[in-house]
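Subject: Structure handover

Hello,

Here is the structure you asked for, with notes on what was found in it. Please keep the model open while you read.

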Amino acid sequence: MAPRNFISLAGFILLIAGLFSPLISPLGLVKWDLFNLNKTFAVIVLLVAIAGLAAAIIRNNQLLKLSGWISLALVVLVFIAAVMKVQTAFSFIPFPKLANTMSGFIHYRWGWFLLFAGAIMGLLGSFGLKKSLHTTVK
């Protein structure tokens, strides 16, 4: 297996680990992972990560690139959705200053680093690989 495949393999393993790590902590009471935030979206990210793992193992560079790009797009999309949700979580409160203060009590956790690092490593590992890994040396 090429060293770049190991980078992609490690990236998709990090992505799967990021799915189960804490992403958001509302009011410091509980810690939510991606499955607590949106179960359907988490399953889609999990399936893309599994496809990336399979592509790294069987050395399919096209599927590896596709899985890397899709996983990066999904992680960026879920991060934007989480930021927008946090900004509007307390919009029902009629006092804007109080709503902004309450939104400040929602903290982002270290799981986002794993998600972004995994998606970026999964994508970067697919670059630089030749289409045919079994080349002859003259």
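On the face of α3 turned away from its buried side sit the exposed residues Lys 39, Thr 40, Leu 47, Ile 57 and Ile 58. Buried means under 20% relative accessible area, exposed means over 50%, and partly exposed is in between (1.4 Å probe, protein chains only). Helices (H or I, at least four residues) and strands (E, at least two) are DSSP runs, numbered from the N terminus.

Before going on, two points about the source. This is a predicted model, in which local features need pLDDT of at least 70 and side-chain atom pairs count only at pLDDT 80 or more, while totals for chains, interfaces and linings use all residues. Residues are numbered from 1 along each chain as its sequence is written, and side-chain values use heavy atoms, with hydrogens and water left out.

Back to α3. The buried residues in α3 are Phe 41, Ala 42, Val 45, Val 48, Ala 49, Gly 52, Leu 53, Ala 55 and Ala 56. Seen down the axis of α3, these buried residues fall within an arc of 165 degrees, so they line one face of the helix. The arc is taken from the directions that run from the helix axis to the C-beta atoms. The cover over the buried residues of α3 includes α1, α2 and α4.

The helix has 20 residues and reaches 29 Å from its first C-alpha to its last, close to the 28 Å expected at 1.5 Å a residue. The expected span is 1.5 Å times one less than the number of residues. At the N-terminal end, α3 is capped by Asn 38, which has a side-chain oxygen 3.4 Å from the backbone nitrogen of Thr 40.

**After α3**

Arg 59 is in the loop between α3 and α4. Although Arg 59 is not a glycine, it has a positive phi of about 65 degrees. Most residues other than glycine have a negative phi. Arg 59 counts as partly exposed because its relative accessible area is 36%.

Helix α1 covers residues 3-19, which makes 17 residues, and reaches 25 Å from its first C-alpha to its last, close to the expected 24 Å. Its buried residues are Asn 5, Ser 8, Leu 9, Gly 11, Phe 12, Leu 15, Gly 18 and Leu 19. They are covered by elements that include α2 (34-37), α3 (39-58), α4 (61-87) and α6 (111-124).

Which residues touch the most other members of the largest nonpolar core? In this core of 31 residues, they are Leu 15, Ile 24, Leu 34, Val 45, Trp 112 and Leu 115. The elements that give two or more residues to the core are α1, α2, α3, α4 and α6. The largest share, eight residues, comes from α3. A nonpolar core is a set of buried Ala, Val, Leu, Ile, Met, Phe, Trp, Tyr and Cys residues joined through side-chain atoms within 4.5 Å.

Leaving aside neighbours within four places in sequence, Leu 115 is in contact (heavy atoms within 4.5 Å) with Leu 15, Gly 18, Leu 19, Leu 23 and Val 75.

Ser 67 is found in helix α4. Ser 67 counts as buried because its relative accessibility is 4%. Not counting residues up to four places away in sequence, Ser 67 touches Phe 12, Val 48, Ala 51 and Gly 52.

Asn 61 also lies in α4, and it is buried, with a relative accessible area of 14%.

**Aromatic pairs**

How many aromatic pairs does a search of the whole structure find? It finds five. Rings of Phe, Tyr and Trp (its six-membered ring) pair if their centres lie within 6.5 Å; planes under 30 degrees apart count as stacked, over 60 as edge-to-face and the rest as tilted.

The rings of Trp 69 and Phe 127 have centres 6.4 Å apart and planes at 70 degrees, so this pair is edge-to-face. Trp 69 lies in helix α4 and Phe 127 in the segment after α6, so the pair ties together parts that are 58 residues apart in sequence.

Phe 79 and Tyr 108 form a tilted pair, 6.1 Å centre to centre with 50 degrees between the planes. Ring pairs link Phe 79, Tyr 108, Trp 112 and Phe 116 into a cluster.

Regards

Terms used: A polar contact is a pair of N or O atoms within 3.5 Å; within protein, one must be able to donate a hydrogen and the other to accept it, and residues adjacent in sequence count only if both atoms are side-chain atoms.
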